[in-house]
Amino acid sequence: MSATQDLLRVNGLSKSYAAPVLCDVGFDLHPGEIHALVGENGAGKTTLARIIAGLTQADAGQMHLNGRPYAPTGRAAAEQHGVRIVMQELNLIGTLTVAESIFIGRIPSWFGFVDRRRLHADAQELMARLRLDGIEPDRPVETLGVGQQQLVEIAAGLSRRCDLLILDEPTAALTATEVQLLFTQLEALKDSGVGIIYISHRLEELRRVADRVTVLRDGKVIGTRQAETAPLNDIIRMMIGRDLNEVQRPAGRACGPVALQVRGLSRGQSVRDVSFEVREGEILGFAGLMGSGRTETMRAIFGADRPDAGAVIVGDGDTPARIRSPRDAVRHGIALLTEDRKEQGLFLPLPVRVNISLARLRALAAFGHWIRPREESAVTRRLADALAVRCSSTEQPVAELSGGNQQKVVIARWLYRDCHVLLFDEPTRGIDIGAKLDIYRLLADLADRGKAIVVTSSDLLELFAICDRICVMSGGHLVATFKRGEWTEGKVMDAAFSGHIGGHAGKGA
Amino acid sequence: MTEYVGMVFVVASLIAIFSLTAPNFFQVETFRMTANQIPEVIILAVGMTYVLIVAGIDLSVGSVLALSSAVLGVCLVRYQLPLPVAVAASLGAGLACGAVNGSLTVAWRLPSFIVTLAMLQAARGLTHIVTGQQTQYFRPMIRELTSISVLGLSLPFLIAVAIAVLGQIVLCRTVFGRYMVAIGTNEEAARLSGIDPRRIKLVVFTLCGLLAAVAALAQSTRLGSATPTAGTGFELEVIAAVVIGGTSLMGGRGTVIRSVFGVIIIAILGRGLIQLGAADPTKQLITGCVIVAAVIVDHYRHSFRKAPLPTETPSPSL
């Protein structure tokens, strides 16, 4: 063991909350290396990162930093050792300026008064060094786009001594230009000998930046590979423990008549002249980078945000449906299952029963007003059983269910409403892998029953597995559509980046 | 039913404590008197419960009550209109105030706190203008109403109980009631489920205004007059009662029956303290403590259920 050449070495690390999250994890990092940590949600990536950064303590195991025992008791202790973490969730205070955010905790002062000139100069110098000079140091952070806020946060992390940098899903909120900027940064840091732990579930990114990839699954290290040479499929199999082929849709499935047509839909900068159609029995995927306009397109179709222009036509006719609110959309048989289930989909403290019956409550009510409790219970129990929702009873609050089961509850609501067109926005976000496969099967099932399904996802492999066709959005435009068999990861990614090159300069709104 | 056990227990203990400590407390007359004093607060509590459930608040109920009662008085006294017309005008005034509250809240997405705070001022001002700052005496004109009673319980009390029962049934058994709870729990999710929250909220605020007018009628029947300063501070008394009943100011949670218990608890407390010879300041001090205690108890009652799982733990259920 050449402990001297490792920047960080982790042995036998274990951690349990209610259930074990990490078991006997070993991991190492060289100076000047980018080591990617990948795995499904709940695989333990973030927990491992938090332990290294001192935010959480392990139950068992040792860590060595530069060959010496390392057991940080808190974030401050870790930072004294030069270990810094930039987390997924933003940690900024919106009303502070960029410069203040970067130097918070050690703002240059003179007898208690802020030395604005020095603060500004220091910030400017740092931003220039990081090639972030597009961001003015005096702007309040809240006026920046999310992506730029993330860059500011990274800059704040780099403004102090840093030997080991941990980035937890840094690109989740970034546009293509910003991602490029970040990667250039990482290369420069790497050359100066900083070791970087890079957490992501976007495999396509890893090849571009990482030297090695370690795969975690269910809290265990499955293996470590060289990023350049390992086939992507191997990594996926390591991540999910089985082949995606299980749920793969057969090519050339026959679909029914057109169920929904979207023509020239536009809304602000995020949805520009989007046209497509989806047929009964078809699963149509929407791929694209963060901020490409996928979610906004779904919301505009559903009337959740009023579009500026364009028409939505239900069926294969020519008459546009008048959709001015979600209520209108639902009446036309369109349902939207939002990306953010907890905030926009579920009524967390209310029972499963109420969550399922809500969209079609009047059908359960005598004279359209008087709810018949027995019928409501029977109907909702039947639906919960049909979708294999795991709950103690339909009276259990949905807040107590797991992510996958919560998603099934939302699906049950729309099945009961008898919607023909189901728009799924990131249906498997935050759901563990077993439940993901359940959801994939459910989507295939729904399509087989003649529903028209539109799915957006950041996970290309997911779309490749379940879709009949994939539309790619970039910079608000629908730039390409691929049929099953026509698509490759390269083609889709090229299309996804096409609208950003030269165009979107990453300037915040 | 189990959710009311606690409230019944509190009421029973209060009665027990005052019966043991205050002379002449445990008498039919005490309860009759207390009951006949609270109909307007019960009626207002029904409306307020609804408003709080949809995550709003209505600070204007006291002023709207005064305005409705002023309209009743002026119609009867100054214009000598027949009683049914005067009642209709009074109800109309309350309904209109509620509709304005609802429309402003919904149309401009203003916080209902601000809108109803403005209404609190405006309706009070209007009351003074309408009455010319004069108390309107109309006891002779409503004599037939004041004389109705069952077992010594006045007509207003019986109506208030009926409204509370109806309010509870609407809340827990109708589509409208379910929509209110859904909107109060998560308005955006309700909207995306195809419910129009604006329509429901408009109805709720309008209803609250209408119920303030009904409360005004109840109070006028009892007092036989309309004072421009009637109902001052009622909004806080009503909100206190509803909160003691366990309704959440954050919306989505509450029942009418529990709010009525809240009203009863405050009323018995007040009556008992009077009979003990406590002065008003002492009464206020104790009522304040009860409100805080009720909210703390409620907090614990609910925190047992929702212990959120740590987000990073892989879900054990799949």
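Predicted model: local features only at pLDDT ≥ 70, side-chain atom pairs only at ≥ 80, totals over all residues.
Student: Thanks! Which residues of α1(B) meet α13(B)?

Tutor: On the α13(B) side, the partners include B:Ile257, B:Phe261, B:Ile264 and B:Gln275. The residues of this contact divide into 13 nonpolar, two polar and one charged. From α1(B), the residues are B:Tyr4, B:Met7, B:Val10, B:Val11, B:Leu14, B:Ile15 and B:Phe18.

Student: Are α1(B) and α13(B) roughly parallel or roughly antiparallel to each other?

Tutor: Helix α1 covers residues 2-21 of chain B and helix α13 covers residues 256-275 of chain B, with their axes 10 Å apart. They pack at an angle of about 10 degrees. Angles under 35 degrees count as roughly parallel, so α1(B) and α13(B) are roughly parallel.

Student: Let's turn to chain A. Which strands stand at the edges of the open sheet?

Tutor: The six strands run in the order β17-β20-β21-β15-β22-β23 (chain A), with mixed pairing. Each edge strand has a single partner, so one side of it is left without a neighbour in the sheet. The edge strands are β17 and β23 of chain A.

Student: In what sense do β15 and β21 of chain A pair?

Tutor: Strands of a sheet pair through backbone hydrogen bonds, either parallel or antiparallel. Here β15 (residues 283-288) and β21 (residues 452-456) of chain A are joined over four bridges, and A:Gly285 stands opposite A:Val455 in β21(A). The sense of this pairing is parallel.

Student: Which helix lies across β17 and β20 of chain A?

Tutor: Look for a helix at residues 403-417 of chain A, running at about 175 degrees to β17(A). The helix is α14 of chain A.

Student: Which residues of chain B is A:Ile371 in contact with?

Tutor: A:Ile371 sits in strand β19 of chain A and counts as partly exposed, with 19 C-beta neighbours inside 10 Å. Leaving aside neighbours within four places in sequence, its contacts in chain A include A:Leu361 and A:Glu376. In chain B, the contacts are B:Arg173, B:Thr174, B:Val175 and B:Arg178.

Technical notes. Residues numbered from 1 in each chain as written. Chains lettered and ligands numbered in written order. Axes fitted to C-alpha atoms, helices over the stretch in contact; angles between N-to-C directions. Helix = DSSP H or I, 4+ residues; strand = E, 2+ residues; numbered from the N terminus. Parallel < 35°, antiparallel > 145°, perpendicular 65-115°, else oblique. Contact = placed C-beta atoms within 7 Å. Nonpolar A, V, L, I, M, F, W, Y, C, P; charged D, E, K, R; others polar. Pairing = 2+ DSSP bridges. Buried ≥ 20, exposed ≤ 12 C-beta atoms within 10 Å, placed from the backbone.
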